[in-house]
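Please look at the sequence and the model together while reading.

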Amino acid sequence: MRSPICMLMIGATIGAIAVSTAQAQVNVGITVSETGPAAALGIPQKNTVAQLPKEIGGQKIRYTVLDDGTDPTRAVANARKMISEEKIDILIGSSATPASMALVDVAAETKTPYCGMVPAKALVLPVDAKRRWVFKTPQDEELLAEALADHMQAHGVKSIGFIGYTDGYGQGWLDAVKKLYPAKGIKIVAVERFQRSDTSVAAQSLKVISANPDAVLIAASGTVAVLPQRTLREQGYSKQIYQTAGISTMEFVRVGGKDVEGTIFTAGPVMVENLLPDSNPIKKVATAYIEAYETINKTPFSGFGAHLADCATLMLGAVPKALTKGRPGTAEFRAAIRDGVEAAKEVVANHGIYNYSSTDHAGLDKRAVVLIKIVNGKWTLLP
């Protein structure tokens with residue numbers, strides 16, 4: 001018969017083995033907006049998780065996914081819950097700019113490497129003590145806005161009206177437009193804002209139309225972006241309307257119908273994967289993502305889900321080397337993940353080819369931008 005001390009020692013050993021086993025897997029925490037105004041973005045992001053790798057470098061990967069309802073407070077609560085209870089090594093989120101910005105402080109405070117899925121440049125700039133833990137995969141507003149400006153310039157657009165969200169997404173785009181467009185000879189003659197939850201933008205639309213711009217740029221996302229465009233059309237505006245990468249979902253086309261026909265917007269290469277030349281290295285990655293997504297979910301893919309896939313590619317790509325610095329679940333491992341992502345070079349993903357550095361946590365160049373026009377309810381690639 002074993003002594004009580006021996007039994008205690010055996011129990012302690014079993015406990016230590018259990019702890020060791022629990023820490024042996026890499027834990028990834030994901031908060032997305034499965035519900036709320038950004039659900040059109042969050043649902044394909046959640047759906048993408050099923051096709052993410054289950055093992056990297058011999059380490060099992062475990063994913064925890066929570067819905068934040070497009071609420072920054074819930075996004076923060078989700079992140080803190082996953083950090084404290086699930087001991088996550090990597091944080092990914094969220095679907096809308098306000099919630100994503102709110103996660104920056106959590107990542108910095110807990111020293112958890114964090115990948116954002118919104119274009120806001122403010123998410124990663126400046127790369128200071130706080131943002132050194134933050135990366136993002138979507139294209140910067142300036143990168144996307146410049147592509148639109150070049151098209152406008154080439155087609156004689158001399159003035160634009162702007163309608164955008166009142167939050168960080170709209171502000172980021174407005175800042176980019178104000179910075180870039182005057183230098184290209186494009187005057188901003190009207191600026192109007194609206195909230196994601198608004199059910200009418202009639203007053204804003206009338207003000208924009210009264211300024212008689214050559215074109216209108218709408219900075220909104222998902223199916224919510226249909227509202228200002230439909231209102232402009234109903235009020236008689238017949239000139240060119242531009243939108244942002246925020247409408248990179250066929251749900252926008254389905255809901256918008258004839259009112260969004262002819263829209264020109266910027267997006268990542270994955271959105272027109274079938275139109276990319278075979279020589280483009282992004283095509284192979286994008287094709288694999290799309291085929292897996294549509295096979296698993298029995299529904300068309302979305303560029304927003306591809307942002308999450310790109311976050312996973314970049315963050316998990318740092319795992320093998322990080323394992324030489326520490327075990328999953330430790331501060332050393334998390335720091336090594338952060339360092340590994342920052343050192344990533346020429347990583348081919350769905351939305352572009354990433355090159356991060358100690359001063360650049362956005363990592364994309366013009367290879368990450370395409371111009372798309374909606375023609376007969378389908379996306380067509382513009383030269």
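A crossing of two helices is called left-handed if the near helix is turned anticlockwise from the far one by less than a right angle, and right-handed if clockwise. Helices (H or I, at least four residues) and strands (E, at least two) are DSSP runs, numbered from the N terminus. The model is predicted: local features need pLDDT of at least 70, side-chain atom pairs count only at pLDDT 80 or more, and totals for chains, interfaces and linings use all residues. Residues are numbered from 1 along each chain as its sequence is written, and side-chain values use heavy atoms, with hydrogens and water left out.

Start with helix H3 (residues 72–85) and helix H4 (residues 97–110). Their axes come within 8 Å and cross at roughly 30°; axes here are lines fitted to C-alpha atoms, for helices over the stretch in contact, and angles run from 0 to 180 degrees between N-to-C directions. This angle makes H3 roughly parallel to H4. The cut-offs are as follows: angles under 35 degrees count as roughly parallel, over 145 as roughly antiparallel, 65 to 115 as roughly perpendicular and the rest as oblique. The crossing of H3 past H4 is right-handed. On the H3 side, the residues that meet H4 are Pro 72, Ala 75, Val 76, Ala 79, Arg 80 and Ile 83. Their partners in H4 are Pro 98, Ala 99, Ala 102, Leu 103, Val 106, Glu 109 and Thr 110, where contact means heavy atoms within 4.5 Å. By class, this contact has 10 nonpolar, 1 polar and 2 charged residues. Ala, Val, Leu, Ile, Met, Phe, Trp, Tyr, Cys and Pro count as nonpolar, Asp, Glu, Lys and Arg as charged, and the others, Gly among them, as polar.

Another pair is helix H5 (residues 141–154) and helix H6 (residues 168–180), whose axes come within 9 Å and cross at roughly 55°. That angle makes H5 oblique to H6. The crossing of H5 past H6 is right-handed. H5 contributes Glu 141, Glu 142, Leu 144, Ala 145, Glu 146 and Leu 148 to the contact, and H6 contributes Gly 172, Trp 173, Ala 176, Lys 179 and Leu 180. These residues divide into 6 nonpolar, 1 polar and 4 charged.

Now turn to the empty spaces. Rolling a probe the size of a water molecule over the atoms shows where empty space is left. On a 1 Å grid over the protein atoms alone, a cavity is a set of points where a 1.4 Å probe fits but cannot get out, and a pocket is an open set with protein on both sides within 12 Å along at least five of seven lines; lining residues have an atom within 4 Å of a point. Grid points are joined across faces, edges and corners, and a volume is the space filled by probe spheres set on the points.

Which helix supplies the largest share of the lining of the largest pocket? It is H2, with 4 residues. This pocket has a volume of about 250 Å³, and 13 residues line it, with Thr 249, Glu 251, Thr 299, Pro 300 and Ser 302 nearest its centre. The second largest pocket holds about 210 Å³. Of its 14 lining residues, Ala 318, Lys 321, Asp 339, Gly 340 and Val 341 are the closest to its centre. H13 gives the most to this lining, with 4 residues.

There are 2 cavities of 30 Å³ or more. The largest cavity has a volume of about 150 Å³, and its 17 lining residues include 10 nonpolar, 6 polar and 1 charged. The second largest cavity holds about 30 Å³. Its lining has 9 nonpolar, no polar and no charged residues, and H11 gives the most to it, with 4 residues.

Last come the backbone values. Most residues other than glycine have a negative phi, and most peptide bonds are trans. A cis peptide bond joins Gly 93 and Ser 94, with omega about -15°; Ser 94 lies in the loop between E4 and H4. Leu 125 and Pro 126 are also joined by a cis peptide bond, with omega about -5°. Asn 212 has a positive phi, near 50°, and lies in the loop between helix H7 (202–210) and strand E9 (215–219). For Asn 376, phi is near 55°, again a positive value.
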